[in-house]
Amino acid sequence: MPEELTISTISKEHEIVLLQQMKLIRRFEEKAAEMYSKSKIRGFLHLCIGEEAVPVGVINSLSQHDYILCTYREHGHALARGISSGKVMAEMFGKIQGCCKGRGGSMHLFDKSKNFFGGNAIVGGHLPMAVGMALAQKKQKADAITCCFFGEGAVAEGEFHEAMNLAALWKLPVLMVCENNQYAMGTAIQFTHASIDIAAKGRANGIESMEVDGMDVKVVENAAKFGIGYIRTHKKPFFLICQTYRFRAHSMFDAELYRSKAEVEEWKRRDPIILLQNELLLKNQITVSDIKMMDQEIEAEINAAVDFAEAGTYESTTDLSKYTYSEI
């Protein structure tokens with residue numbers, strides 16, 4: 001961790017916002033799993049339960065002008081970016097009221113108005129896209145950066161090394177964020193990487209790299225702010241690795257035979273929501289009554305999102321060829 005990094009004091013109000021956003025993501029994901037079991041959501045579904053601190057901490061550090069690219073485990077990122085829970089749920093239901101008119105589904109959330117560019121299903125496939133976007137920002141002299149989220153599984157892909165090399169070579173304004181949840185699908189990191197020091201792979205390309213506790217939203221936010229400041233000041237890329245953990249299986253099809261229940265329970269002791277909530281309670285910055293009210297408001301929002309998705313409409317089969325060719 002660079003010596004320049006200091007954990008800045010944040011306001012009580014902002015800490016409560018961070019807690020509220022993580023709770024919203026958690027409840028949304030739980031409801032999504034319920035809707036999947038009822039066949040309301042089809043196809044694949046990848047939940048980020050346990051990892052909420054990473055998207056919330058990083059995205060709260062970005063400006064609205066910055067670009068964001070994600071993996072297929074991106075519901076939390078979309079919500080943290082401000083895409084409404086109703087639009088996200090409707091998209092997952094395949095309804096035209098969704099953020100992609102029902103054509104993207106769970107793995108391809110996208111909202112240009114939020115500079116949120118997916119939702120990419122190919123592991124590592126969006127890293128070169130992030131480099132291209134950052135190159136465009138540099139050539140346009142835009143006061144913005146590109147933030148690219150990916151898992152440690154993508155670090156073993158060729159695109160990672162190509163993207164990091166070009167980002168460093170061309171001195172691009174890109175924040176690379178590795179969400180290291182310890183398992184690339186069902187394979188532990190020590191079985192996919194000869195060296196599990198992921199930060200070293202960034203430094204090997206001459207990129208300033210930092211590894212932090214991805215279960216602490218305030219640590220993540222401070223690290224992201226540092227990285228973003230570094231990019232804007234030095235006009236160079238930055239690599240942030242967040243050590244996190246998903247409490248649920250890789251996807252709803254995953255039998256989860258590759259890790260023990262004891263390991264999962266051990267990580268759950270560091271639940272990012274409980275950690276922040278307990279801290280706020282201990283500092284008397286929030287009460288049990290406040291938490292109850294917050295939970296009720298979130299529950300109402302999620303139920304409204306489901307109602308919105310349920311009431312939505314499917315695209316007509318007469319429009320199946322629409323968007324196949326550009327109308328420009």
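These legends go with several close-ups of one predicted model. Local features are taken where pLDDT is at least 70, side-chain atom pairs count only at pLDDT 80 or more, and totals for chains, interfaces and linings use all residues. Numbering runs from 1 along each chain as its sequence is written, and side-chain values use heavy atoms, with hydrogens and water left out.

**View 1. Lysine 23 pairs with aspartate 295.** The closest N and O atoms of this salt bridge sit 2.9 Å apart; the term covers a side-chain nitrogen of Lys or Arg within 4 Å of a carboxyl oxygen of Asp or Glu. Lysine 23 belongs to helix H1 (residues 12–37) and aspartate 295 to helix H11 (residues 288–311), so the pair ties together parts that are 272 residues apart in sequence. Helices here are DSSP runs of H or I with at least four residues, strands are E runs of at least two, and both are numbered from the N terminus. Lysine 23 is buried, at 11% relative accessible area, while aspartate 295 comes out partly exposed at 34%. For those labels, buried is under 20%, exposed is over 50% and partly exposed is in between (1.4 Å probe, protein chains only). By the salt-bridge rule, the count comes to 20.

**View 2. Glutamate 315 meets arginine 103.** Their side chains form a salt bridge at 3.0 Å, N to O. This one links distant parts of the chain: glutamate 315 is in the segment after H11, and arginine 103 is in the loop between helix H4 (85–92) and strand E2 (116–119), 212 residues apart. Both ends are partly exposed, glutamate 315 at 25% and arginine 103 at 38%. Elsewhere, salt bridges with shared partners join Glu15, Lys218, Glu279 and Lys283 into one network.

**View 3. Leucine 281 and its contacts.** Leucine 281 is in helix H10 (residues 272–282) and is partly exposed, with a relative accessible area of 27%. Skip the neighbours within four places in sequence, and leucine 281 touches Ile286, Thr287, Val288 and Ile291 (contact: heavy atoms within 4.5 Å).

**View 4. Positive phi at methionine 185 and asparagine 284.** Most residues other than glycine have a negative phi. Methionine 185 isn't a glycine, yet its phi is positive at about 60°. Methionine 185 sits in the loop between E5 and E6 and counts as exposed at 51% relative accessibility. Asparagine 284 also has a positive phi, near 60°; its place is the loop between H10 and H11, and it is exposed at 70%.

**View 5. Glycine 186 in the loop between E5 and E6.** Glycine 186 is partly exposed, at 30% relative accessible area. Alanine 255 is 69 residues away in sequence, but the two C-alpha atoms are 9.5 Å apart in space.

**View 6. A patch of positive charge.** Lys138, Lys139, Lys141, Lys171 and Lys236 gather on the surface here. Patch members need over 30% relative accessible area and no salt bridge, with like charges joined within 9 Å; the place of a Lys charge is taken as NZ. Lysine 138 is in helix H5 (residues 127–139) and is partly exposed at 40%.

Conventions: Patch = residues over 30% accessible without salt bridge, like charges linked within 9 Å, V, L, I, M, F, W, Y side chains within 5 Å. Areas by Shrake-Rupley, 256 points an atom, 1.4 Å probe, with all protein chains shown as cover. Lys, Arg positive; Asp, Glu negative; His and termini not counted.
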